[in-house]
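Trainee: I would like to learn how to read helix contacts, sheets and backbone features in a model such as this one. Could we go through them one at a time?

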Amino acid sequence: MTAVLSILKSGASRKVKFLALFIAVLATLSLVRMWADVLDLTSRGTISAALGLAVPIGLAGLGGLWAERAGVVNIGLEGMMILGTFGAGWLGWQYGPWAGLLGAILFGLLGGGIFALATVTFGVDQIIAGTAINILGLGFAQFFAKIAFSKAPGGGPTQSPSISALPTFTFDRLSDPLVSLHGKGYFIISELAGLISGVFFRLSILTVFSAGLFAATAFILWRTPFGLRLRSVGENPHAADSLGVNVYLYKYIGVLTSGVMAALGGAFLAIAASGVYREGQTGGRGFIGLATMIFGNWRPGGTAIGAGLFGYIDALRLRDANGTAMRAIVLLGALALIVLAILAIRKKRYQVVFGLGITAAVLISWFLLTTALPREVALVAPYLATLLVLAFASQRLRPPAADGIPYRKGESK
Amino acid sequence: MLAVELQGIWKRFPGVIANSNINLKVEQGSVHAIVGENGAGKSTLMKILYGMQRADEGTISVNGKIVEFDSPSDSIEVGIGMVHQHFMLADNFTVLENVVLGSEPTKAGSIDFAAAKSRISEISDSYGLEIDADALVGDLGVGDRQRVEILKVLYRGARILILDEPTAVLVPHEVDELFEALRGLKSEGITVIFISHKLDEVLQIADEITVIRRGTTVATLNQKTQTVTAEQLAELMVGSELPTPETRGSTVTEQVVLLVSELTSVNSDGKAEISDLSFKIHAGEILGIAGVEGNGQSELVEAIMGTRAATGSIWINDQDASKLGTRKRRELGVAYIPEDRSRLALLLDAPLWENRILGHQTQAPNAKGIRLTPKLTKMDTKRIIQEFDVRTPGIDVLASALSGGNQQKFIVGREMSGNPILLIASHPTRGVDVGAQAAIWDELRAAREKGLAVLLISADLDELIGMSDSIKVILRGKFVADADPATVTPQQLGNAMTGALKAAN
Ligand SMILES: Nc1ncnc2c1ncn2[C@@H]1O[C@H](COP(=O)(O)OP(=O)(O)OP(=O)(O)O)[C@@H](O)[C@H]1O
Ligand SMILES: [Mg+2]
């Protein structure tokens, strides 16, 4: 562990650092799997489910990132996601899944457009406008779902008829041997096998597409003139304006893209995850997406990791009938806290070390004294994890400097 | 050949006429200075020329052609560049990102970072700007930021350069470097329009000088054909004599107001920003701190005000204040003029009278018990505006509508209210015109005679030497020398500040 830490501290290239971190995570998972004796921790089913659960959260987070990089705090992601589920269901059941995607995009543009009009053009407080979008999105979807789906064959007031499925890929020749390798329970090797087999098992084309969106976002925002300008609007709009960057235009683009991303997250839920639009389908994922974006330090890579984490814990919880896997997660959490504590010791922040140490000790004794985790606790685990992560990471986060501040042209500062 | 000609420019804001019938001619390849008191309308005029604001009336000609600007990109196109009074930089961006923003070189759709980098180092080499393109702007000191701003403008190939108070934040040798760079630009045929309140600098660098008073151009003086003096300029600007910072006689008493010992503050990387600073200030004493910016002055001030964690002890008026919060310290009678007024001293989007409450929210005349007393606050705000000659249409305007110098005068007025016993002043006259400078100095002198203890930090060495009873030189967070204001010269002090000399006397 300390070896990995020193690699991370050293001047090694980012690839090397990433590899080191990756191996460390696998090793920890492996140790926990052995100690807690839960093979399902890294099984094909778990990983595959985790990926499916991570995608909508990640897309919502990506949506948040686009808006906040342009300086607009978007807590209306949940509402935009709901609009996306409805758009996907409405066009999807009639004209097929591809049309469903298009529907989600259109409704995402609608949500983003209203939000941009309120926050960018009229300078309405972004939190209030975001809350309004959440209420509006929900009400809109409920109202029109009743009209659109009540009389449809196989539909109802809160549910659309089913949407035909999009293609998925399964690489059996790769996946199946890896599954048996996973079953052998080798140190690290099995984890790696489980991971790969899970990723290539019933891989939805939407998942591939989403991964592409992450890569594209990273490239566009950090490598192109367009992206630099968009981010400059979130950092210092007055400076951007003084160099001839059209601040309002870039804010609009950021917020509209945000709406589309969140809506695509909703479309994934409707089309790939369940095959129908259903009321309450998003279940707060828009907010979790926002949290993953903050966890990911307003960067695509970090957001993806955050979403993966949530998806993973959620998947374990869902597949864990007797609570043993969640018990292993308690141990995993304790180990993570210990790593953080070591980092804090190096920084000489002893109060933090103390807090982390106590929490880790409580978790470990909990692990040792129980054999399974109550369902209720398992239910809140992802949220607890969010809180923990945000509480300890918040000091290292670097949000865009002008995030959340309405911009009015010509006001000299 | 005229690079710029402005004719009959008018600009009105609600309640203020910022520019009224401005006429200005700027020769190509010359340095043209614009001087005028705070709120005279200099920045507004430059923003109009740069396309950031639109004139209500009047015409702008550039290189003999009449132009109309809708946005800065129009003016950038005809070769105008502006360095603003307040830095226009994104702290979370690198120097490179800040510089190329808006005119990025591309290769196959993405930013060509390599080309940008070589271009930047080319420019910074040929004008001696010396900047690391990969540094994060948030990590740079003010002198470096200034150079980044100039780099930004040159990078866009500007032939007409507007500099709005570029020297306000620089120390003498940085000013010399800047002027060296400006002379280089001039010899390449670049036109420079230069705003400053420091008249000696203006006389040093400018070919022509235009004076603006209450929004109108009142005179243009040519240094090639006539001898211009600072007195003459001051006369034209404010109709008064040139003030000098000077305190007569010592008023230092035996009573220690601020006692600081072994003050140390470490940043998040474990590096000491200030280490082992010990000193005392008596009632009636002004202690000056000299140093190049970024050598621990800000950290020292923050530690004393309680906004930065530090070890060591701080006693204010025989009370241990080391463990007290900032509000408690202020209630002991500490007044504070911070270095960054828009970030630390004002709520720009709040009306002036609400800003009067800031930092004094528990004290009269703003509060009685748990209740705020807006009526009294408003009355007192009016008093400050009168006593300190803050030029504003009223007390209900937003703080952001005041010109830079008038914001500063307001802050000084607020902090001097309520008879403080200790004043922590960072650059109290930065960006303030000669008239207001005199008023602030008078105020400090009067308060000092009544027993105010002052910690004075200033980049203006004349001010530092003239006002202080004793001077300490700070370098990399440590006191490296003491100087006697009675004998030390600005040159000696400047050398001590950069570590060139061990002691200044
Ligand atoms: N956006 C604005 N809204 C309202 N009033 C403004 C605005 N900008 C400037 N003013 C007013 O116009 C006048 C001229 O301001 P300006 O900033 O041009 O002065 P200045 O000569 O640059 O002063 P200083 O030397 O203090 O920087 C001031 O009275 C100021 O209050
Ligand atoms: Mg100005």
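This is a predicted model: local features need pLDDT of at least 70, side-chain atom pairs count only at pLDDT 80 or more; totals for chains, interfaces and linings use all residues.

Trainee: At roughly what angle do the axes of H4(A) and H13(A) cross, and within what distance do they come?

Mentor: The axes of H4(A), residues 77-95, and H13(A), residues 285-295, come within 7 Å and cross at roughly 130°. Angles of 65 to 115 degrees count as roughly perpendicular and those over 145 as roughly antiparallel, and H4(A) and H13(A) are therefore oblique to each other. The crossing of H4(A) and H13(A) is right-handed.

Trainee: Which residues make the contact between H4(B) and H5(B), and at roughly what angle do these two helices cross?

Mentor: In chain B, the axes of H4(B), residues 113-126, and H5(B), residues 142-155, come within 10 Å and cross at roughly 110°, which makes H4(B) roughly perpendicular to H5(B). On the H4(B) side the contact is made by Ala116(B), Arg119(B), Ile120(B), Ile123(B) and Ser124(B), and on the H5(B) side by Leu151(B), Leu154(B) and Tyr155(B). These residues divide into six nonpolar, one polar and one charged. The crossing of H4(B) and H5(B) is right-handed.

Trainee: Turning to sheets, in what order do the strands of the four-stranded open sheet in chain B lie?

Mentor: The order is S14-S13-S16-S17, with antiparallel pairing. S14(B), residues 272-282, and S17(B), residues 319-320, stand at the edges with a single partner strand each, so one side of each is left without a neighbour in the sheet. S13(B), residues 256-266, pairs with S14(B) over seven bridges, and Leu263(B) stands opposite Leu277(B) in S14(B). Helix H9(B), residues 297-305, lies across S13, S14 and S16 of chain B and runs at about 65° to S14(B).

Trainee: How many strands are in the open sheet with mixed pairing, and what is their order?

Mentor: That sheet of chain B has six strands, in the order S18-S21-S22-S15-S23-S24. Its edges are S18(B), residues 334-337, and S24(B), residues 478-483; each has a single partner strand, so one side of each is left without a neighbour in the sheet. Neighbouring strands of this sheet are turned by 20° against each other on average, with direction ignored. S23(B) and S24(B) pair in the antiparallel sense over five bridges, and the bridge partner of Ile474(B) in S24(B) is Phe479(B). Helix H17(B), residues 490-497, lies across S15, S23 and S24 of chain B, at about 35° to S23(B).

Trainee: Which backbone features deserve a second look?

Mentor: Most residues other than glycine have a negative phi, and most peptide bonds are trans. Against that background, Arg202(A), in the loop between H8 and S2 of chain A, has a phi near 45°, a positive value. In chain B, a cis peptide bond with omega of about 5° joins Ala364(B) and Pro365(B), and Pro365(B) is found in the loop between H12 and S19 of that chain.

Trainee: How many helices and strands are there in chain A?

Mentor: Chain A has 17 helices and two strands. Its radius of gyration is 22 Å, close to the 22 Å that the globule rule gives for 413 residues, so chain A is as compact as a globular protein of that length.

Terms used
Residues are numbered from 1 along each chain as its sequence is written. Chains are lettered from A and ligands numbered from 1 in the order in which they are written. Side-chain values use heavy atoms; hydrogens and water are left out. Two strands pair if DSSP finds at least two bridges between them. Contact means heavy atoms within 4.5 Å. Axes are lines fitted to C-alpha atoms, for helices over the stretch in contact, and angles run from 0 to 180 degrees between N-to-C directions. Angles under 35 degrees count as roughly parallel, over 145 as roughly antiparallel, 65 to 115 as roughly perpendicular and the rest as oblique. A crossing is left-handed if the near helix is turned anticlockwise from the far one by less than a right angle, and right-handed if clockwise. Ala, Val, Leu, Ile, Met, Phe, Trp, Tyr, Cys and Pro count as nonpolar, Asp, Glu, Lys and Arg as charged, and the others, Gly among them, as polar. The radius of gyration is taken over C-alpha atoms; the globule rule is 2.2 Å times the number of residues to the power 0.38.
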